[in-house]
Amino acid sequence: MALLSVKPGQRFTVPDWQNNSLLISADAEQQRYNSHHIRQEGRALRNETGNQARWDEHNTRTRLNDRITSVDRWREALARCLTDIDLEIDALTKVKEAAENALQAKNLCLDVAIECLTFRESRRDIDVVRDPVEEELLREVKVIEKIKKELQQRVDDAFKQLCLLKEARQQLSCDHRHKVETLELDRQCVSFNVTSGNISFKVNPTRIPDGTTALREWELNSQCNKDRAEAEMRASVDLRGAITLSIAQTNNELDAQRIATEFALRKRIRDMEGALSELRWQEQNTLEEIAEMEEEIRQLEEDLRKRTLDLKVAHTRLETRTYRPHVELCRDQAQYGLTDEVQQLEGTIRALQQKRTESQ
């Protein structure tokens, strides 16, 4: 007679089996609920951080563009001032040359007067008299020597004023060159985006470089350079007027009208210019939830990648702006905006990484 073969081991009751299925189902449902909650939080975080990143980048770009406009406006003003100071240097040089020529011409007049006096010493006997002619010749010599001294002083004053004008022009030219370099760097920063091939992480991009100046100091530097140039030009115009007047006064018998006309013509000045079925159902739902969670993780990772690219862009912009020259290396609004953007992006990346780990 055959014996019934019983499988050794622990035997469970139907209620145990049912309870087990219920536990599995309940656990799956709880896990799906948790997963759904995490997904919702992740989606909200992605939306918030994405919007924040886009706004920060837009704000930074706007500040950079505003900065470019401000620097370019100063560049144009300095360029106009450079043009004007070049014209003034040229005008003062010509007036100085005119004074030198007038001074040279007076040498001839003096030689003639002295020759006349010397020649008259050849008179003999009673003709050697102090007559009105000799007195006029002696007076002419004194007048010519006084005129020569005045003209020489005007030439010396013109030379000193030319030195001051050239010094002011050198400062203007240096400031103008630095602004041109700064415009090129800031425009390069505006052109950076997440698809740029030259963006990367930088070492401590939010550092404050040595030599950084305050925005007010930057403005004052350019304003002082421009004001000084304008003051020197005004002084030069006044000096040119005085020199021209002196020349006119000393040559009024020869070319008074020509000197007056030259003075009037040279008096002009131009303005300066970013259960199984249940389990299967549960399994299916769980698999769907897993797929959705995996998709959420993928999207979180994609957002992480995008925010990382945004951070690279911000880092690169900050690093690039550390190469602004001289006084242009200032803590302007664009610099504050980029620093805030880097800190915001770093916080966003940490939040996304934490949410990705929780989702995983």
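Reader: How many aromatic pairs does a search of the whole structure find?
Author: The search of the whole structure finds zero aromatic pairs, and please keep in mind that this is a predicted model.

Reader: OK, and which charged end sits over the ring of W218?
Author: That is R67, whose charged end sits over the W218 ring at 3.9 Å from the ring's centre.

Reader: Switching to the largest nonpolar core, which residues touch the most other members?
Author: The core has 23 residues, and those that touch the most other members are I85, L172 and I243. Two or more residues come from each of helix 1 (14-120), helix 2 (132-191) and helix 3 (215-250), with helix 1 giving the most, namely 10 residues.

Reader: What does L172 touch, if I leave out residues up to four places away in sequence?
Author: With those set aside, L172 touches L78, C81, L82 and I85, and also N225, K226 and A229.

Reader: One more: where does R39 lie, and is R39 buried or exposed?
Author: R39 lies in helix 1, and R39 counts as buried because its relative accessibility is 7%, which falls under the 20% cut-off.

Reader: What is R39 in contact with, neighbours within four places in sequence aside?
Author: Apart from such neighbours, R39 is in contact with E289, E292, M293 and E296.

Notes
Residues are numbered from 1 along each chain as its sequence is written. This is a predicted model: local features need pLDDT of at least 70, side-chain atom pairs count only at pLDDT 80 or more; totals for chains, interfaces and linings use all residues. Side-chain values use heavy atoms; hydrogens and water are left out. Rings of Phe, Tyr and Trp (its six-membered ring) pair if their centres lie within 6.5 Å; planes under 30 degrees apart count as stacked, over 60 as edge-to-face and the rest as tilted. A charge sits over a ring if NZ of Lys or CZ of Arg is within 6 Å of the ring centre and within 35 degrees of the ring normal. A nonpolar core is a set of buried Ala, Val, Leu, Ile, Met, Phe, Trp, Tyr and Cys residues joined through side-chain atoms within 4.5 Å. Buried means under 20% relative accessible area, exposed over 50%, partly exposed in between (1.4 Å probe, protein chains only). Helices (H or I, at least four residues) and strands (E, at least two) are DSSP runs, numbered from the N terminus. Contact means heavy atoms within 4.5 Å.
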